[in-house]
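Please open the structure in your viewer and keep the selection panel at hand.

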Amino acid sequence: MAETQAAKRLREYETIFLVKPDVTDDNVDKLKERVRGIVSREGGKVLRFTVWGKKKTLFPVAKQPRAIYVHTSFLGDGKLVAEIERNLRNIDDVTRYISVKIADEVDPESRPVLEDLKLAGDVEEARPGAPAEREGGFRGETPEFAGGDSEEEPAEEA
């Protein structure tokens, strides 16, 4: 009896993978369906897919400064994670991926399947103007607070 209850409990994982920025939305949907098929084939349960959109990466990945970020949350075991990562490794459009265990011993019936989300991502035109908005402040100070201490400093130096 205890073994059957333990077999029904799964671990919760999340995987984030980066897709090349020139991939179309239809191809991203195909990638999502491929991962969804792997999870269901291996006895897991997909909780949600979230496409975060095209964002700038910290450093160029596959010689591209931007990538499409896709986040998935699912229930399964370690073999399932290995199978997903093996498939992601073999897809040319996927440049990076990472999987993280969120929780142990999760009851699949207690976790509802949520609808997929698609977020907008970064707006490329707004990014170049961002550094110009900061005016001479130190460590994120706003201009009205940056000059507040300047009157006291000459008095202390004299």
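**The largest cavity**

Select Val 19, Lys 20, Pro 21, Val 61, Ala 62, Gln 64, Arg 66, Ala 67 and Thr 95, which together line the largest cavity; on a 1 Å grid over the protein atoms alone, a cavity is a set of points where a 1.4 Å probe fits but cannot get out, and lining residues have an atom within 4 Å of a point. This is a predicted model, in which local features need pLDDT of at least 70 and side-chain atom pairs count only at pLDDT 80 or more, while totals for chains, interfaces and linings use all residues. Residues are numbered from 1 along each chain as its sequence is written, and side-chain values use heavy atoms, with hydrogens and water left out.

The space inside comes to about 40 Å³, a volume taken as the space filled by probe spheres set on the grid points. A search of the whole structure for cavities of 30 Å³ or more finds one.

Next, select strand E3, residues 64-76, which gives the most to this lining, with three residues.

**The whole chain**

Now switch to a cartoon, where six helices and five strands can be followed in the order α-β-α-β-β-α-β-β-α-α-α; helices (H or I, at least four residues) and strands (E, at least two) are DSSP runs.

Finally, colour by accessibility: 30% of the 158 residues count as buried, that is, under 20% relative accessible area with a 1.4 Å probe, protein chains only.

Notes
Buried means under 20% relative accessible area, exposed over 50%, partly exposed in between (1.4 Å probe, protein chains only). On a 1 Å grid over the protein atoms alone, a cavity is a set of points where a 1.4 Å probe fits but cannot get out, and a pocket is an open set with protein on both sides within 12 Å along at least five of seven lines; lining residues have an atom within 4 Å of a point.
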